[in-house]
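This briefing covers surface, helix and aromatic-ring features of the structure shown below. Please keep the sequence and the model in view while reading.

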Amino acid sequence: QRFEVFETSQMLGMVLSFLIAPSMLYGGIRRFGNGIIWLFMFPLVSAIFHTPRKAQMWFLVYACCTIVGHIVDTSYADGLLSTTQVVQFCMNNIGPLCVIFIAFHLYACAIKREHALSESLLLNTLPESVTNRLKRGEQVIDHYENMTVLVADLSGFTKASGEYCPSFLIGVFLRDLFRELDVLVVKRGLEKIKTVGDAFVVAGGINTQKGMKHGAYQILMLATEMHDTIQVVNQRYGTSFELRCGVHTGDGIVGVVGTSKFAYDIFGDAATTANWMESHGRPGMTHISTPTYKLVNDLGCFEYCMGTDVDVGSRGKTHFVTDRKGAHKANMTA
């Protein structure tokens with residue numbers, strides 16, 4: 001905003017310097033050496049730093065100043081120049097610069113489109129807050145004491161990869177499934193971390209101020225919606241895949257690693273235990289650890305059954321989420 005104020009004030013100053021002052025002090029624009037051409041810098045600068053519409057507006061200002069400047073030129077007023085000569089002077093000042101402006105304008109628009117595409121690709125790889133920090137040269141390493149991690153894996157995918165055509169399995173089925181899961185993640189306000197093969201990793205309770213219980217709740221709602229979604233995709237393509245989901249709430253570190261083909265990833269107990277929960281889970285169900293169960297059990301939103309008899313470290317027994325309760329079956333957002 002300050003730059004726009006500065007630019008406008010400079011434009012007004014240039015108009016005074018190269019349009020009004022020459023007419024009053026030097027007897028006209030032509031006798032001043034056509035200094036009004038300096039006004040052409042504003043359309044060029046606007047093409048780089050502003051929108052195309054504003055750049056076009058500045059070029060129109062330049063063209064109008066040129067025309068008015070020659071009309072009020074004392075040489076024309078005194079009858080020393082004909083109307084045809086004034087038109088020629090205007091065309092010579094505006095015509096070539098118009099061609100230059102159009103070429104520069106198109107080039108600047110192409111650069112902005114490429115920059116917008118690069119930004120879009122970057123934001124599809126990293127969260128916006130992380131992207132901004134990387135641009136500032138910061139190191140992205142964040143510790144969270146109670147983050148909830150969901151790891152989802154397609155049951156039977158490895159076997160199916162030898163039965164189905166790769167172009168269908170990866171290029172159609174997995175593409176459409178992950179697209180729909182991405183929509184669910186955004187709707188729930190969660191953070192997609194990565195996909196590794198047919199595995200899908202999401203975190204809750206990070207990059208937000210809503211608290212660990214909200215993150216755990218949204219993760220479990222997401223998991224139940226993911227099971228519903230894969231059934232829809234199965235019906236669409238005549239397949240019979242199921243998701244096996246594992247969820248854990250605990251300490252974790254989220255950060256960007258590497259300098260070439262860098263990755264946004266999770267490290268620590270939360271990720272390790274969520275992976276264990278997934279690998280020891282059941283197809284079509286969500287396997288949750290005791291810390292997660294304790295966070296969401298008092299909300300009364302889900303139905304559970306006892307999970308594996310194997311302790312997850314010293315955290316107690318595990319549970320399976322079997323369904324949503326009541327109004328939560330309508331995918332209400334907390």
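Ile141, Ile253, Val257 and Phe267 form a nonpolar surface patch of about 320 Å². This is a predicted model, in which local features need pLDDT of at least 70 and side-chain atom pairs count only at pLDDT 80 or more, while totals for chains, interfaces and linings use all residues. Residues are numbered from 1 along each chain as its sequence is written, and side-chain values use heavy atoms, with hydrogens and water left out.

**Surface patch**

- Patches are made of residues with over 30% relative accessible area and no salt bridge, with nonpolar side chains (Val, Leu, Ile, Met, Phe, Trp, Tyr) joined within 5 Å and like charges within 9 Å.
- A salt bridge here is a side-chain nitrogen of Lys or Arg within 4 Å of a carboxyl oxygen of Asp or Glu.
- Accessible areas come from the Shrake-Rupley method with a 1.4 Å probe, and for residues only the protein chains shown count as cover.
- Ile253 belongs to strand 4, residues 242–257; helices (H or I, at least four residues) and strands (E, at least two) are DSSP runs, numbered from the N terminus.
- Ile253 has 34% relative accessibility and therefore counts as partly exposed (buried is under 20% relative accessible area, exposed over 50%, partly exposed in between).

**Helix 6**

- In helix 6 (residues 128–135), the buried residues are Val130, Thr131 and Arg133.
- They lie on the same side of helix 6, because they cover an arc of only 165° around the axis; the arc is that of the directions from the helix axis to the C-beta atoms.
- Gly137 follows helix 6 and has a positive phi, near 85°.

**Aromatic pairs**

- The whole structure contains 8 aromatic pairs; rings of Phe, Tyr and Trp (its six-membered ring) pair if their centres lie within 6.5 Å, and planes under 30 degrees apart count as stacked, over 60 as edge-to-face and the rest as tilted.
- Tyr164 and Phe241 are a tilted pair, because their ring centres are 6.1 Å apart and their planes are at 40°.
- This pair links distant parts of the chain, 77 residues apart: Tyr164 is in the loop between helix 7 (157–160) and helix 8 (166–187), and Phe241 is in the loop between helix 9 (212–237) and strand 4.
- Tyr164 is partly exposed at 29% relative accessible area, whereas Phe241 is buried at 5% relative accessibility.
- Phe168 and Tyr237 form an edge-to-face pair, with ring centres 5.7 Å apart and planes at 75°.
- Because Phe168 lies in helix 8 and Tyr237 in helix 9, the pair ties together parts 69 residues apart in sequence.
- Ring pairs join Phe157, Tyr164, Phe168, Phe173, Tyr237 and Phe241 into a cluster.

Note on methods
Buried < 20%, exposed > 50% of the residue type's maximum accessible area, 1.4 Å probe, protein only.
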